[in-house]
Amino acid sequence: MKPIYLDYSATTPVDPRVLSKMLPYFTEVFGNAASKNHGFGWAAEQGVDEARAQIAALIGADAKEIVITSGATESDNLALLGVADMYKEKGNHIITCVTEHKAVLDPAHYLETQGFDVTFLPVNKEGMVDLTALEAAITDKTILISLMAANNEIGTIHPLKEIGALAKKHGVLFHTDGTQAVGKVKIDVNEMGIDLLSMSAHKMYGPKGIGALYVRRRKPRVRLSPIIHGGGHERGMRSGTLNVTGIVGFGEACRLAGLELEAEAEKLSKMRDRLHKGLEDKLDYLYLNGHPEDRLPGLLNISFAFVEGESLMMGMENIAVSSGSACTSASLEPSYVLRALGVGEDLAHCSIRFSLGRFTTDAEIDATIEKVVATVSRLREMSPLYDMAKAGIDINTIQWAGH
Amino acid sequence: MYSDKVLDHYNNPKNVGAFEADDAVGTGIVGAPECGDVMKLQLKVEEGKIVDAKFKTFGCGSAIASSSLATEWVKGKTVDQALAITNSDIAEELSLPPVKIHCSVLAEDAIKAAIADYKSRQSTSEPS
């Protein structure tokens with residue numbers, strides 16, 4: 001069987017159209033975009049300018065508001081650390097939530113060691129923060145709200161417009177980690193009141209190692225302390241010779257996303273629902289993780305009760321997916337995101353994330369359904385927990401000897 | 001990532017199933033769902049010798065392989081010989097990486113729990 005890739009939330013292949021746009025920039029248009037006194041530099045700069053405009057256009061921003069970075073992790077770090085340092089005289093309080101990516105949580109924890117107070121808001125069982133709790137958490141010391149656009153594990157999409165309005169009402173900056181959302185669902189920084197937005201090229205058919213941070217220039221003008229110091233590139237916010245090929249690829253990926261986003265979202269939602277239904281038709285004890293509607297179009301996170309996630313992946317050889325099972329990590333702790341939703345540890349171990357993308361076909365979805373159904377059925381026949389469930393025993397009432 | 005032996009036990013597990021409750025059967029259930037693995041191992045004993053074994057396991061591939069191997073190994077052994085099987089024997093046979101050693105520990109625990117259960121049945125069923 002030809003391998004099937006259903007892990008687009010981890011990374012995407014570079015779209016061939018993106019690659020062909022990038023290629024000349026390796027060998028012919030190889031100049032340093034910062035070389036202002038010869039044609040090689042100008043040509044490279046022109047490529048960067050065009051790409052910057054394409055990146056900005058996808059999110060309704062101005063090209064001058066795009067700071068190029070090495071990816072979303074750097075963008076998240078720059079947003080949190082840069083705002084914290086620049087606005088520390090104004091206040092020392094930051095609000096985020098427990099299901100954020102580590103690229104937000106870890107800088108937030110670091111800031112706690114530097115005298116900042118961070119509120120980590122809980123989420124409900126669908127992965128949403130409560131807006132009333134968010135507003136209640138804002139104090140006169142709050143300088144930043146950082147809440148992700150779409151969650152990487154469960155795909156839940158936060159109500160960005162409402163969060164942006166709350167931030168504006170209280171004069172607090174709003175950063176959102178848009179890694180999973182940009183290029184998949186419509187994001188408009190002005191409509192949604194976003195002041196800082198992290199983006200990554202490789203989640204949207206661009207190359208790895210390139211990303212951007214949108215930094216609002218007016219109403220309000222957001223200022224940042226840099227975390228990387230040097231030649232003063234990117235208006236001093238991010239020094240370092242520009243990765244011209246990467247930027248050009250990112251730009252083209254954004255242009256294509258702008259053109260195809262709507263049709264692609266519709267196609268992926270249909271495929272995702274086909275996958276979900278196909279599994280539900282043949283298997284019992286399935287639990288959807290995440291919000292049933294406000295969710296990324298191509299993402300399906302399901303717990304297959306009584307079957308451990310890693311053993312399921314092992315049986316689905318040639319189908320690439322992710323699991324929230326502890327056995328896939330060295331920590332032996334199941335997914336903190338699923339735990340934060342209140343998903344029991346037993347079900348967290350049983351979760352699989354299917355993420356579909358541009359090159360997924362209906363035939364692949366059908367083959368996946370068949371393989372997953374067969375593997376889950378086989379493993380359940382082997383599972384003592386499935387026996388208990390069928391015998392009407394609630395496994396939560398048993399006193400287990402943990403280890 | 002997985003050794004051939006783990007893959008083989010995972011794809012063709014030996015002795016999957018369960019015995020009817022009986023005084024000649026010892027049952028050990030170890031682990032916990034929230035830890036991601038539960039092993040149920042059953043032994044059938046005749047005249048001090050383990051004549052048959054069955055398992056059911058919820059867990060990763062290495063946990064399934066460890067329990068499958070355990071059932072193979074205990075068959076034909078006396079109860080005391082089975083008690084001498086250690087987790088490192090199992091881990092070595094399956095070439096388990098360090099993060100999977102706990103699977104072999106669980107299999108050893110399951111054998112011991114099944115034998116303890118068998119012994120307790122013997123002592124309670126003896127005529128008074």
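**Entry 1: β6 and its neighbours in chain A**

I looked up the partner of Asp177(A) and found that its bridge partner in β7(A) is Ser198(A). I note that β6(A) and β7(A) run parallel and are joined by three bridges. I count two strands as paired if DSSP finds at least two bridges between them. Helices (H or I, at least four residues) and strands (E, at least two) are DSSP runs, numbered from the N terminus.

For the record, this is a predicted model: local features need pLDDT of at least 70, side-chain atom pairs count only at pLDDT 80 or more, and totals for chains, interfaces and linings use all residues. Residues are numbered from 1 along each chain as its sequence is written, while chains are lettered from A and ligands numbered from 1 in the order in which they are written.

I then checked how β6(A), residues 173-177, is covered. Five of its five residues are buried, so the strand is largely enclosed by the rest of the structure. I use buried for 20 or more other C-beta atoms within 10 Å of a residue's own, exposed for 12 or fewer, and partly exposed for values in between, with C-beta atoms placed from the backbone. On one side of β6(A) I found Leu173(A), His175(A) and Asp177(A), on the other Phe174(A) and Thr176(A), and all are buried. In a regular strand the side chains alternate between the two faces of the sheet.

I also followed β5(A), residues 142-146, which pairs with β6(A) in the parallel sense over three bridges. Ile145(A) stands opposite Phe174(A) in β6(A). The chain goes from β5(A) through helix α7(A), residues 160-169, to β6(A), and this β-α-β crossover is right-handed (with the strands pointing away from the viewer, the path from the first strand over the helix to the second runs clockwise).

**Entry 2: β8 in chain A**

Ser198(A) turned up again here, with Leu213(A) in β8(A) as its bridge partner. I note five bridges between β7(A), residues 196-200, and β8(A), which run antiparallel. I also looked at β2(A), residues 66-69, which pairs with β8(A) in the antiparallel sense over four bridges. In that pairing I found Thr69(A) opposite Gly211(A).

β8(A) is mostly covered, with five of its five residues buried. Gly211(A), Leu213(A) and Val215(A) point one way, Ala212(A) and Tyr214(A) the other.

Most residues other than glycine have a negative phi, and most peptide bonds are trans. I listed the exceptions below.

- The peptide bond from Lys219(A) to Pro220(A) is cis, with omega near -5 degrees. I placed Pro220(A) in the loop between β8 (211-215) and α8 (244-282) of chain A.
- Tyr285(A) is not a glycine, yet its phi is positive, about 55 degrees. This residue lies in the loop between α8 and β9 (286-289) of chain A, and I noted it as partly exposed, with 17 C-beta neighbours inside 10 Å.
- Ser95(B) has a positive phi near 50 degrees. I found Ser95(B) in the loop between α4 (87-94) and α5 (101-125) of chain B, partly exposed with 13 other C-beta atoms within 10 Å.

**Entry 3: domains of chain A**

I took the division of chain A into domain 1 (4-8 + 262-392) and domain 2 (16-257); such bounds come from an automatic or database domain assignment. The two domain centres, taken over C-alpha atoms, are separated by 30 Å. I found 19 residues of domain 1 in contact with 19 residues of domain 2, where contact means C-beta atoms, placed from the backbone, within 7 Å. On the domain 1 side, β10 (299-304) and α10 (336-340) each supply at least two residues.

**Entry 5**

I read chain B as five helices and three strands, in the order α-β-β-β-α-α-α-α. Buried residues make up 46% of its 128 residues. I also noted that residues 24 or more positions apart account for 63% of the contacts in chain B with a separation of 6 or more.

Between the chains, I found 24 residues of chain A in contact with 24 residues of chain B. On the chain A side, α9 (309-315), α11 (345-348) and α13 (384-390) each supply at least two residues.

Key
Contact = placed C-beta atoms within 7 Å.
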